[in-house]
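Biologist: I would like to learn how to read a few features of a protein model, one after another. Could you take me through them slowly, with the general idea before each case?

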Amino acid sequence: MSKIICLTAGHSNTDPGACNGSDREADLAQDMRNIVASILRNDYGLTVRTDGEGKGNMPLREAVKLIRGSDVAIEFHTNAAAAKTATGIEALSTPKNKRWCQVLSKAVAKKTGWKLRGEDGFKPDNAGQHSRLAYAQAGGIVFEPFFISNDTDLALFKTTKWGICRAIADAIAMELGAAKV
């Protein structure tokens, strides 16, 4: 039976999310979704559902509908803080996805050297300022691999995003037991 991965991008053209200069969370999330989806499809032959192509993405109320029937569902975001020095990787979800959250977070940490936040990259979806995130409650993972507000981390992401996205895609494929095609 074929594995199904759901990849969505947080925020949208009407909600840019966190910003740092001209860099918008919505754009970075779309880049991550697009690159990881491409690698999973082309290198592993996996079935990937997305909430759009290129610069498009569905509103959250539509994106959550894609989760049903997926082996894993990941919505890409970036983290942000008032302190420009805040750093680290976290994935928020319900406890049933704790292992997935840790797999994703550790893959990025291994590639970048960024620290893991929470429990080896996992945080419950009601941690901090969050309260029962709709995507997590529907069975998905809200993945924040870096802080857009940290200039150094943002610069590293922008220069190595393909390598970071490859690490994420390879970790997903390995966890699902998929081999390269």
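Modeller: Let us start with aromatic pairs. A pair of aromatic rings is described by the distance of the centres and the angle of the planes. Here rings of Phe, Tyr and Trp (its six-membered ring) pair if their centres lie within 6.5 Å, and planes under 30 degrees apart count as stacked, over 60 as edge-to-face and the rest as tilted. By this rule there are 3 aromatic pairs. In one of them, the ring centres of Phe 146 and Phe 157 are 4.5 Å apart and the planes are at 20 degrees, so this pair is stacked. This is a predicted model, in which local features need pLDDT of at least 70 and side-chain atom pairs count only at pLDDT 80 or more, while totals for chains, interfaces and linings use all residues. Residues are numbered from 1 along each chain as its sequence is written, and side-chain values use heavy atoms, with hydrogens and water left out.

Biologist: Which parts does the pair of Phe 146 and Phe 157 tie together?

Modeller: Helices (H or I, at least four residues) and strands (E, at least two) are DSSP runs, numbered from the N terminus. Phe 146 lies in the loop between β8 (141-144) and α5 (151-176), whereas Phe 157 is in helix α5, so the pair ties together parts that are 11 residues apart in sequence. Together with Trp 114, Phe 146 and Phe 157 form one aromatic cluster.

Biologist: How many disulfides does a search of the whole structure find?

Modeller: A disulfide is a covalent bond between the sulfur atoms of two cysteines. With the criterion that the two cysteine sulfur atoms lie within 2.5 Å, the search finds 0 disulfides. For Cys 101, the nearest cysteine sulfur is that of Cys 6, 14 Å away. The sulfur of Cys 165 is 16 Å from the closest cysteine sulfur, in Cys 6, which is too far for a bond.

Biologist: Is Cys 101 buried or exposed?

Modeller: Buried means under 20% relative accessible area, exposed over 50%, and partly exposed in between (1.4 Å probe, protein chains only). Cys 101 is buried, with a relative accessible area of 0%, and Cys 165 is buried, with a value of 0%.

Biologist: Which residues have the most contacts inside the largest nonpolar core?

Modeller: In soluble globular proteins, nonpolar side chains tend to be buried together. A nonpolar core is a set of buried Ala, Val, Leu, Ile, Met, Phe, Trp, Tyr and Cys residues joined through side-chain atoms within 4.5 Å. The largest has 40 residues, and those with the most contacts inside this core are Leu 40, Phe 143 and Ile 172.
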